[in-house]
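Please load the model in a viewer and keep the selection panel at hand.

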Amino acid sequence: MPSTADTNRPTDLLMGHEEKPEGSFLRRLSAEDWRFLLQDDLRGRSFGQDEYLPMGSEDRNVYMIWDGVVRQDRFPLGDWAGAPTVTRFRGGGQLVGEAKLITSDSAVRTRCLTRTVVIPCRAHRFNVLLGGRPKIRRALLRSLEDRNRTDERVYTLTTRPPLERTSRLLAHLADTAGSPDPRTGSTAITITGPGQKDIAAALQLAVSTTENALRTLRYHGIVEARYRRFLVHDVDALRHLADAV
């Protein structure tokens, strides 16, 4: 069983939603709408690294990610041994499990790549809130559209060179899940959670191909790859390299 625990009370969550990544659901909410959501006695729940969010068909919640990074695997052809997957990373401010707002039997395998704090809300209750608060509904729809467009730029350009695709994904993760590295005393960004195999799965590349791309980035002094952690020394250089390939 997951070692979940209450970590935040509604009053603890009042501040900070506006600091979530640009375009995310929580970032798009006004302070008034965020306070309105929290009136439903929503609480944060903590999951450890490599634990799964309980998002199976028996689960009735949607989840707002407050902190951490998750890997989501979808199985478009069915969930069976060796089935092809579609892999995406989601970070702070994002709402996951949104398909449950439409159908209760929709599930996606969601693994926490770091200690992750989420705010569960019953899908039925969330639908009621959306129906009564058009601004919250608009914030959700706009965030999902932003996410779809970002997914297209980051994950789906399969005809582009591996170096460009790897650079785009790392720049995206730096923007949405990165944190300043206090040890460097510079503008370096640390991305914690995803490993090289996760990056390869998300981009549908061989692990060796991903390693070659990371080796090039390391040669240019842009990225250091460590165990389930990437240190990005220059995010702008990473973006420029992606555009220049």
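Begin by selecting M55, R74, G97, E98, A99, K100, S106, A107 and V108, which line the largest cavity. A cavity is a set of points on a 1 Å grid over the protein atoms alone where a 1.4 Å probe fits but cannot get out, and lining residues have an atom within 4 Å of a point. The model is a predicted one, in which local features need pLDDT of at least 70 and side-chain atom pairs count only at pLDDT 80 or more, whereas totals for chains, interfaces and linings use all residues. Residues are numbered from 1 along each chain as its sequence is written, and side-chain values use heavy atoms, with hydrogens and water left out.

The largest cavity holds about 50 Å³ of space, a volume being the space filled by probe spheres set on grid points joined across faces, edges and corners. Its lining comprises four nonpolar, two polar and three charged residues; Ala, Val, Leu, Ile, Met, Phe, Trp, Tyr, Cys and Pro count as nonpolar, Asp, Glu, Lys and Arg as charged, and the others, Gly among them, as polar.

**The pockets**

Next, select T150, R153, V154, H172 and T176, which lie nearest the centre of the largest pocket among its 27 lining residues. A pocket is an open set of points with protein on both sides within 12 Å along at least five of seven lines. The volume of this largest pocket is about 540 Å³. Strand 5 (86-90), helix 4 (134-154), helix 5 (162-177) and helix 8 (235-244) each supply at least two of the lining residues; helices (H or I, at least four residues) and strands (E, at least two) are DSSP runs numbered from the N terminus. Colouring the lining by class gives eight nonpolar, nine polar and 10 charged residues.

Then move to D67, G68, T176, A177 and G178, nearest the centre of the second largest pocket, whose volume is about 250 Å³. Helix 5 gives the most to this lining, with three residues.

**The nonpolar cores**

Finally, select F89, L169, L170, I199, L217, V223 and L238, which touch the most other members of the 27-residue largest nonpolar core. Such a core joins buried (under 20% relative accessible area, 1.4 Å probe, protein chains only) Ala, Val, Leu, Ile, Met, Phe, Trp, Tyr and Cys residues through side-chain atoms within 4.5 Å. Helix 5 contributes the largest share of this core, six residues. A second, separate core of 24 residues includes W34, L37, A139 and L144.

Terms used:
Buried < 20%, exposed > 50% of the residue type's maximum accessible area, 1.4 Å probe, protein only.
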